[in-house]
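Work through the following exercises with the sequence and the coordinates side by side, trying each task before reading its solution.

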Amino acid sequence: NDVIGGLMERPRLVSLVYLVLHRHTGDIDYVNMGHPPPVVTTGVSESPWRWLNRGGPIAGAIPGASYETGREHLDVGDTLLLYTDGASEAENDQGVPFSEDRLARVASQHRALSAARTIEALHAEIEVFRADRSNRDDVTLVVVRRRAGHVEPDDHSQIAGTEGSGT
């Protein structure tokens with residue numbers, strides 16, 4: 001936090017999530033610094049998603065700020081979704097935002113797809129929702145899916161991300 005604050009010449013808002021995924025156990029250690037909270041979607045009907053919201057204020061905004069670290073777990077078949085606010089705040093023609101809950105719901109509905117296909121489905125849902133409205137913010141999505149006991153970090157992994165720029 002203090003390093004980031006010291007690097008900025010003028011006041012800026014910097015949000016981020018620092019996350020470590022332990023691929024053999026599925027454990028996730030993280031801290032959220034004012035960023036839209038990542039979400040873990042599960043196949044459990046009584047709690048279909050869990051938000052990773054432990055942390056603190058936007059990075060660099062408050063000198064000496066303290067941050068709470070969080071720990072979460074990915075079971076086999078769970079999906080971790082990270083996104084920018086351009087995804088959750090994309091508006092339809094009535095000015096209604098897409099929303100974090102809708103992102104989680106769509107990601108959960110596409111649990112059977114690969115991570116890359118889940119991102120494609122999320123982008124498609126956002127585009128249909130927005131109709132002809134131009135997006136004023138970038139839409140960046142990262143999906144991590146735990147399969148067969150661990151997450152592979154190679155080209156055949158279930159980790160995928162994409163960024164699209166708005167106008």
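**Exercise 1.** Determine how many bridges join S2 to strand S5 (residues 55-56), and which way the two strands run.

*Solution.* Two bridges join them, and the strands run parallel, where strands are DSSP runs of E with at least two residues, helices are runs of H or I with at least four, and both are numbered from the N terminus; two strands count as paired if DSSP finds at least two bridges between them. Within S5, glycine 55 is the bridge partner of asparagine 32. The model is a predicted one, in which local features need pLDDT of at least 70 and side-chain atom pairs count only at pLDDT 80 or more, while totals for chains, interfaces and linings use all residues. Residues are numbered from 1 along each chain as its sequence is written, and side-chain values use heavy atoms, with hydrogens and water left out.

**Exercise 2.** Identify the antiparallel partners of S2, and decide how far S2 is enclosed.

*Solution.* Begin with strand S1 (residues 16-22), which is joined to S2 by seven bridges in an antiparallel arrangement, with tyrosine 18 opposite valine 31. The hairpin of S1 and S2 has four residues between the strands, and glycine 26 there takes a positive phi near 85°. Next, strand S6 (residues 70-73) is joined to S2 by four bridges, also antiparallel, and arginine 71 in S6 is the bridge partner of aspartate 29. Finally, six of the seven residues of S2 (residues 27-33) are buried, so the strand is largely enclosed by the rest of the structure; buried means under 20% relative accessible area, exposed over 50% and partly exposed in between, with a 1.4 Å probe and protein chains only.

**Exercise 3.** Find the aromatic pair, classify its geometry and locate its two rings.

*Solution.* Rings of Phe, Tyr and Trp (its six-membered ring) pair if their centres lie within 6.5 Å, with planes under 30 degrees apart counted as stacked, over 60 as edge-to-face and the rest as tilted. By this rule there is one aromatic pair. The ring centres of phenylalanine 98 and phenylalanine 129 are 5.2 Å apart and their planes stand at 85°, so the pair is edge-to-face. Phenylalanine 98 lies in the loop between helix H2 (85-88) and helix H3 (100-109), and phenylalanine 129 in helix H4 (residues 115-130), so that the pair links distant parts of the chain, 31 residues apart. Both phenylalanine 98 and phenylalanine 129 are buried.
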